[in-house]
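Dear colleague,

I am passing on the structure we spoke about, and my notes on it follow below. Please read them with the model open beside you.

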Amino acid sequence: MNDVLPDVVGVWQFLEQSAREIFSTYGFTEIRTPVLEKTELFCRSIGESTDIVEKEMYTFADKSGNSMTLRPEGTAPVMRSIIQNRLVAQDTVSKLCYIGPMFRYERPQKGRYRQFHQIGAEAIGVEDPKIDAQVLLMLHHFFNRIGINAVSLEINSLGCPVCRPDYRRQLIQYLEQRLEPLCSECQRRYQTNPLRVLDCKVEACRTATVDAPAMIDHLCGACDQHFTQVRRYLDLLKVPYSVNARMVRGLDYYVRTTFELVTDQLGSQNAVAAGGRYDGLIESLGGPPLPGIGFAIGLERLVLMLDQDAGSLAVPDLFIAALGDAAAEQAFVLMSQLQMQGVRAEMDFHGKSLKAQMRRADKSGAIHTLIIGDEELRSGQAQLKKMADGTQSSVRLDALVEMLT
Ligand code: ATP
Ligand code: MG
């Protein structure tokens, strides 16, 4: 788990602001849910035999003996809240987004942490593939906006309860004939979670399954048509993508459209965002039978990809240096007035020499410096120095607020 330190927090704020701005253009409003939920919520939605539920959750009993879990992802909590607060009506689309910490007990490494942050969006209530394309367009737009181009969108369809069971059986049969070369993890899970084998990063598992049957070749008519339409709309909107028939998401609730944004800049942590459709999820949690689609972006991985010195420190507009106690008091009042007017003003509070104060002004990167001493207090005039080129101009202290705002 990491502290986000002041020298990088600017990058975080930039990402958060960009997401809020762009998502609101597409009609998404923010929802904030607690970081803690009943464990049962995640078991029922993400699925008992997934990596997350099997081994990655921070689960503990609270003082009343209830099993609680720090949320490992954002979709299930948002659906829980929608049901509990009756947030959606039929025949509309509800668009919600969230930003916040998620928790998974993983082996920490670059781009993989135990507390990490996601920005996510969920569009609920529409089965039409137009909404799939909209959500992907918004994701594409966000990455353009933040200036990360080294990512590509991969899409797939995971079918639905009509076509997937049959495909799943065929896949298990296929895997049964090739168990020996598979890694021990895949040998263990090929019956409970056969699709995950296709997604395994172990080279031997990849080689052994190159010609495995693909879900997109076994879609039912409705799913096949849905996927064709998603691709058509992406083409219409000029969102670049490729189809990755082996892509499997690690959560049980996904059906039909699934996708990942991948990069080759982060080693094996190659996914920066991922998501898909979860048409049966709300109903399975006790809500109305509403379809939905969403994604989550991993913030830490974006921060790693972005230039880290994106001007994150608060650079003052003005540093006021003062000579003597009376001047320091006047400087203090002036600084406070300027701050109230929205000017980033700074001063020294340690009674340092003028020379030391000027050194600090320089180091702070302040755009202007103002020196106040007895003479300036008497005349009400002072020299405003522009730090970039050293030019000075005489200013009236009582006109300073006006001048700098
Ligand atoms: P991975 O295959 O990398 O484990 P995942 O499929 O578990 O990813 P999702 O649950 O789809 O990931 O989460 C969406 C995004 O959240 C990921 O693409 C990634 O950017 C980010 N993410 C997931 N787990 C972590 C983590 N432990 N630390 C940092 N970021 C993470
Ligand atoms: Mg994972």
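A polar side-chain atom of Gln118 lies 3.0 Å from an oxygen atom of ligand 1, and further polar contacts (pairs of N or O atoms within 3.5 Å) to oxygen atoms of this ligand come from Arg112 at 2.8 Å and from Arg301 at 3.1 Å. The protein covers 91% of the 590 Å² of accessible area that ligand 1 has on its own, where areas come from the Shrake-Rupley method with a 1.4 Å probe.

This is a predicted model, in which local features need pLDDT of at least 70 and side-chain atom pairs count only at pLDDT 80 or more, while totals for chains, interfaces and linings use all residues. Residues are numbered from 1 along each chain as its sequence is written, chains are lettered from A and ligands numbered from 1 in the order in which they are written, and side-chain values use heavy atoms, with hydrogens and water left out.

Around ligand 1 there are 16 residues (a heavy atom within 4 Å), of which Arg104, Glu106, Arg112, Tyr113 and Arg249 come nearest. By class, this shell has 7 nonpolar, 3 polar and 6 charged residues, and strand 10 gives the most to it, with 4 residues; strands here are DSSP runs of E with at least two residues.

Turning to Val35, this residue is found in the loop between strand 1 (29–30) and strand 2 (36–38), and counts as partly exposed because its relative accessibility is 33%, the class between buried (under 20%) and exposed (over 50%).

Best regards

Methods:
Buried < 20%, exposed > 50% of the residue type's maximum accessible area, 1.4 Å probe, protein only. Polar contact = N/O pair within 3.5 Å; in protein donor to acceptor, adjacent residues only side chain to side chain. Nonpolar A, V, L, I, M, F, W, Y, C, P; charged D, E, K, R; others polar.
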